[in-house]
Amino acid sequence: MREIIITIQELKRKRRAVLLAHNYQLDDVQAVADYVGDSFYLSKVAADVKSDVIVFCGVRFMAETAKLLAPDKEVLLPERDAGCPLAEMITAEDVRRLKSEHPGTPVMCYVNSSVEVKAESNVCCTSANAVKIAASLPGKKLIFVPDGNLGHYVASRVMEKEFILWPGHCYTHAKIKPDDVLTVREKYREAKVLIHPECDPEVARLADFTGSTSQIMHYAEKSSAPAFIIGTEVGVLYQLSAKQPDKKFYLLHPGLICPNMKKTRLESVLAALKDNKHSITVEQAVAAKARYTLDRMLELA
Ligand code: CIZ
Ligand code: SF4
């Protein structure tokens, strides 16, 4: 075993720490983690896990979510600048304006959002549970922020409601164009096309299946198809190929690499454990409201 991995394991034991890694992390970071999954699964782990320290290998909003759900634990984000541009596409002020324009309409925020935006919202969601939660909310109207593509997807599944959408998007997923799908379909005729709902709705429309990373993995596991074209970040290929070596997985677009997710390396994880980098704090003034929004998601999902 590589020396760095041995040292990480030792420090983990010494500090009573667990490593959580998102499905979009580098392969060797996923390999060393105690829990790997999507943000919904990792939120539940953070809320329940017995440890003193959580090292969150992901991006800032995920570590902040863990801190909101486990306020007594030390939550570390190994790379301080690992952010999510989509989460930064809306401010709490924008949400307040939307609410005043649509009085009484509930606000559902994607977990890819700041603590302040969560605090202004009524319920949070991830891509794995957004449809279920939207359908379970009372009323005929819903404000959905900040991902317009995911919002569009949810609206297409919850037809009885009117959706007020925000034009946020993920640069990585937005790279895929409908022509890319048609080209790969032509090349790999036997393959199923699996797409993340952060992609353009025109792209999602061409998919055999649209779902979150965990749902995409589940679909590929259950399907008898020999090959799959994956329309989400490249990190998911690690687990897909490791667990199903007899099936073929092709990335739909070479640009499906999230630069922020890829900032965390084994060296960052080691430094996080050694030097307590970077300790996450959330503003007390908004923590309780944001936590309520997350609790509501965990109840309804
Ligand atoms: O919810 C998540 O973890 C993200 C960012 C993607 C997905 O679909 O799992
Ligand atoms: Fe944000 Fe997109 Fe990266 Fe996910 S893949 S963390 S939505 S920038």
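Is His-152 buried, partly exposed or exposed, and what is its relative accessible area? In this predicted model, His-152 has a relative accessible area of 36% and is therefore partly exposed, since the buried class ends under 20% and the exposed class begins over 50%. His-152 belongs to helix H8, which comprises residues 148-157. When its neighbours within four places in sequence are set aside, the residues in contact with His-152 are Leu-165 and Pro-201. Its C-alpha atom is separated by 27 Å from that of Phe-249, a residue 97 places away along the chain.

A second residue that is partly exposed is Glu-202, for which the relative accessible area is 42%. Glu-202 is part of helix H10, formed by residues 201-204. Between Glu-202 and His-22, which are 180 residues apart in sequence, the distance in space is 27 Å from C-alpha to C-alpha.

Ser-43, by contrast, counts as buried, because its relative accessibility is 3%, and a residue is called buried when this value is under 20%. The helix that contains Ser-43 is H3, which covers residues 39-48. Apart from residues up to four places away in sequence, Ser-43 touches Thr-65, Leu-69 and Met-297. Ser-43 is one of several buried residues in H3, the others being Ser-39, Phe-40, Leu-42, Val-45 and Ala-46.

Around ligand 2 are found Tyr-24, Cys-84, Pro-85, Leu-86, Asn-112, Cys-170, His-173, Glu-198, Cys-258 and Met-261. By residue class, this shell is made up of seven nonpolar residues, two polar residues and one charged residue.

Attention then turned to the backbone, where two cis peptide bonds may be described. The peptide bond that leads from Val-145 to Pro-146 is cis, and its omega is near -10°. Pro-146 is located in the loop that runs between strand S7 (141-145) and H8, the helix in which His-152 lies. Lys-277 and His-278 are likewise joined by a cis peptide bond, with an omega of about -15°. His-278 has its place in the loop between helix H13 (266-275) and H14.

Arg-16 is partly exposed, because its relative accessible area of 45% lies between the limits of 20% and 50%. In Asn-276, phi is positive as well, at about 55°. Asn-276 lies in the loop between H13 and H14, and with a relative accessible area of 27% this residue is partly exposed.

Ala-271 is a residue of helix H13, and, not counting residues up to four places away in sequence, Ala-271 touches Asn-276 and Lys-277. From Ala-271 to His-169 the separation is 102 residues in sequence and 32 Å in space, taken from C-alpha to C-alpha. In helix H14 is found Glu-299, which counts as exposed because its relative accessibility is 63%, and the exposed class is defined as over 50%. Although Glu-299 and Ile-133 are 166 residues apart along the chain, their C-alpha atoms are separated by 9.5 Å.

How values were computed
Residues are numbered from 1 along each chain as its sequence is written. Chains are lettered from A and ligands numbered from 1 in the order in which they are written. This is a predicted model: local features need pLDDT of at least 70, side-chain atom pairs count only at pLDDT 80 or more; totals for chains, interfaces and linings use all residues. Side-chain values use heavy atoms; hydrogens and water are left out. A residue is near a molecule or strand if one of its heavy atoms lies within 4 Å of it. Ala, Val, Leu, Ile, Met, Phe, Trp, Tyr, Cys and Pro count as nonpolar, Asp, Glu, Lys and Arg as charged, and the others, Gly among them, as polar. Helices (H or I, at least four residues) and strands (E, at least two) are DSSP runs, numbered from the N terminus. Buried means under 20% relative accessible area, exposed over 50%, partly exposed in between (1.4 Å probe, protein chains only). Contact means heavy atoms within 4.5 Å.
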